[in-house]
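Subject: Structure handover

Hello,

Here is the structure I said I would pass on. Please open it first, then read the notes below it.

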Amino acid sequence: MLSQVKVVLVGTSHSGNIGSAARAMKVMGLRQMVLVDPQCEVDAQAIAMAAGASEIALNATVVDSLEKAVADCQFVVGSSARSRTLSWPMLTPRECGERFVLESEQAPVALVFGRERTGLTNEELQKCHYHVAIPANPEYSSLNLAMAVQTLCYEIRVAHLEWQASAFPHQKDTVDYPRHEELERFYQHLEKVLLQTQFISEDQPNLVMNKLRRLFSRARPESQEINILRGILTSIEKVSK
């Protein structure tokens, strides 16, 4: 199960944080690191901060967009206090760990962390099915990147150990959920049809599309249901030409 979990770091600017995050991952048994548009190299400082987990940082997959990082994932959770313009389905760290255990039985899953200073953008947060917030002291809630990675990876490991001990319910029925890239194609198709039928404005399409993303994230449609919805969109395209 742990081999199915990706830890995705977006726009990391300090190499030491990559090393510290790798150390946090290895302590909890996770090994898949993905770096999205890193602003630094995996250098000597990263290796030093990894403290014996340098192979995770050195073997990290490097991509230029979040979409590429999570394309094959069926479940994506972004670490954030909250979306700044639109509320999104939230998980506690404990719920996040439990969901990862269930979801990773079928396909890769991803835990996404943002930039040290600014976190994830609203657009990046809206690529996630859920957001997770660490309930830190409201009077001093500053967590560095490695601390956040450590906390959430710990919850995943706890849930995994409970699953191994059969104290955690296994998924009884296999549900085929769409991968991220399949879901994105649906959103692109939906936006195209809504523009074509003039349901949304070309000037500000995201006003509606962001709310529709939130709706489908909450509903969590299965792959077959996405195919049905795309069939409906295709039929609308045919009659509206």
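A residue counts as buried if its relative accessible area is under 20%. By that cut-off, 49% of the 241 residues of the protein chain are buried. Please keep in mind that this is a predicted model.

Overall fold

The protein chain has ten helices and seven strands. Its radius of gyration is 19 Å, close to the 18 Å that the globule rule gives for 241 residues, so the chain is as compact as a globular protein of that length. Along the principal axes, the C-alpha trace spans about 60 × 40 × 35 Å.

The contacts say how the chain is folded back on itself. Taking those with a separation of 6 or more, 84% are between residues 24 or more positions apart. As for the surface, the protein chain exposes about 12,400 Å², and carbon and sulfur atoms supply 50% of that area.

Aromatic rings

How many aromatic pairs does the structure hold? There are five. One of them is formed by phenylalanine 75 and tyrosine 130. Their rings are 5.8 Å apart, centre to centre, with 55 degrees between the planes, and the pair is tilted. It links distant parts of the chain: phenylalanine 75 belongs to strand β4 (residues 75-79) and tyrosine 130 to strand β7 (residues 130-132), 55 residues apart.

Are these two residues buried or exposed? Phenylalanine 75 counts as buried because its relative accessibility is 0%. Tyrosine 130 has a relative accessibility of 14%, so this residue counts as buried too.

Another of the pairs joins phenylalanine 186 and phenylalanine 216. This one is edge-to-face, with 5.1 Å between the centres and 90 degrees between the planes. It also links distant parts of the chain, here two helices: phenylalanine 186 lies in helix α8 (residues 180-196) and phenylalanine 216 in helix α9 (residues 206-219), 30 residues apart. Both phenylalanine 186 and phenylalanine 216 are buried.

A charge over a ring

Which residue has its charged end over the ring of tyrosine 177? It is arginine 220, whose charged end sits 3.9 Å from the centre of that ring.

Regards

Terms used:
Residues numbered from 1 in each chain as written. Predicted model: local features only at pLDDT ≥ 70, side-chain atom pairs only at ≥ 80, totals over all residues. Heavy atoms only, no water. Phe/Tyr/Trp six-rings, centres within 6.5 Å; stacked < 30°, edge-to-face > 60°. Helix = DSSP H or I, 4+ residues; strand = E, 2+ residues; numbered from the N terminus. Buried < 20%, exposed > 50% of the residue type's maximum accessible area, 1.4 Å probe, protein only. Lys NZ or Arg CZ within 6 Å of the ring centre and 35° of its normal. Rg over C-alpha atoms; globule rule 2.2 N^0.38 Å. Contact = heavy atoms within 4.5 Å. Areas by Shrake-Rupley, 256 points an atom, 1.4 Å probe, with all protein chains shown as cover.
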